[in-house]
Amino acid sequence: MTRTLIASLAVLMAGVLAFAGLTRGFTVLTAESARRQAVAAAPIPIPELIGIDQRGTRRRVFESAERRVVIVDFIYTRCTSLCSALGSSYQRLQSAIEAQHLEHAVRLVTVSFDPAHDTQEVIHEYGRSLGAKPNIWTILQPLDPEALRRSLKVFGVVATPAPQGQFAHNAAFHVIDRRGRLARIIDISKPDAALSAARRLYGGS
């Protein structure tokens, strides 16, 4: 009986240690949370992505000359669920950036992953409807599909076409530091945390 108990405990302990190793000491429980921790520990340079903004101007997701921290999300304008929530969060973030006088430090960028539909005219109307101020909040129609594909891969965004022009997709706040690296990935339920992370990254660069 004692030998059986000892053997069972040994097997259990081996399983616990293996699980701890897979989850980095129980600090992460999913592949996504592991990825977010990895990005925070070792920021990833992002590929260049150029698009046309709501004013019809060519802009990059990250403008190296500005040296601002950038909070990026990926949407499509026909979305009425997740993207609508992101739009509302960006409205609040824009107001917070103005209230805290962070225009010099933090920029918001929304990128459409449906550029065939989200033309410059659509992007312009989308920005107008949300009150996006171009000096704070850039909304982009990407120009190069391959550059968009590379960016989605680096940011970990998956967008799968669905019926009636819809997409099944994930979403997060992606924070780019002043060196053009993806430095934080924050859940969309925590816009305040995204802004706090951006402020820290600006001050620490």
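Helices (H or I, at least four residues) and strands (E, at least two) are DSSP runs, numbered from the N terminus, and the expected span of a helix is 1.5 Å times one less than its number of residues. The views below show a predicted model, in which local features need pLDDT of at least 70 and side-chain atom pairs count only at pLDDT 80 or more, whereas totals for chains, interfaces and linings use all residues. Residues are numbered from 1 along each chain as its sequence is written, and side-chain values use heavy atoms, with hydrogens and water left out.

**View 1. Helix H6 and its buried side.** Helix H6 (residues 191-204) has 14 residues and reaches 20 Å from its first C-alpha to its last, close to the 20 Å expected at 1.5 Å a residue. Within H6, Pro-191, Ala-194, Leu-195, Ala-197, Ala-198 and Leu-201 are buried (under 20% relative accessible area, with exposed meaning over 50% and partly exposed in between; 1.4 Å probe, protein chains only). Because these residues cover an arc of only 160 degrees around the axis, they are on the same side of H6; the arc is that of the directions from the helix axis to the C-beta atoms. The face turned away from this buried side carries the exposed residues Asp-192, Arg-200, Gly-203 and Gly-204. The buried residues of H6 pack against E4, H3, strand E5 (106-112), strand E9 (173-176) and strand E10 (181-186), where contact means heavy atoms within 4.5 Å.

View 2. The largest nonpolar core around Val-61. This core, a set of buried Ala, Val, Leu, Ile, Met, Phe, Trp, Tyr and Cys residues joined through side-chain atoms within 4.5 Å, has 53 residues, and those with the most contacts inside it are Val-61 and Ile-71. Its largest share, six residues, comes from strand E4 (residues 69-75). The aromatic pair of Tyr-76 and Phe-167. These rings form an edge-to-face pair, at 5.0 Å centre to centre and 65 degrees between the planes (rings of Phe, Tyr and Trp, its six-membered ring, pair if their centres lie within 6.5 Å; planes under 30 degrees apart count as stacked, over 60 as edge-to-face and the rest as tilted). Tyr-76 lies in the loop between E4 and helix H3 (82-99), and Phe-167, 91 residues apart from it, in strand E8 (residues 166-169). Tyr-76, Phe-113 and Phe-167 form one aromatic cluster.
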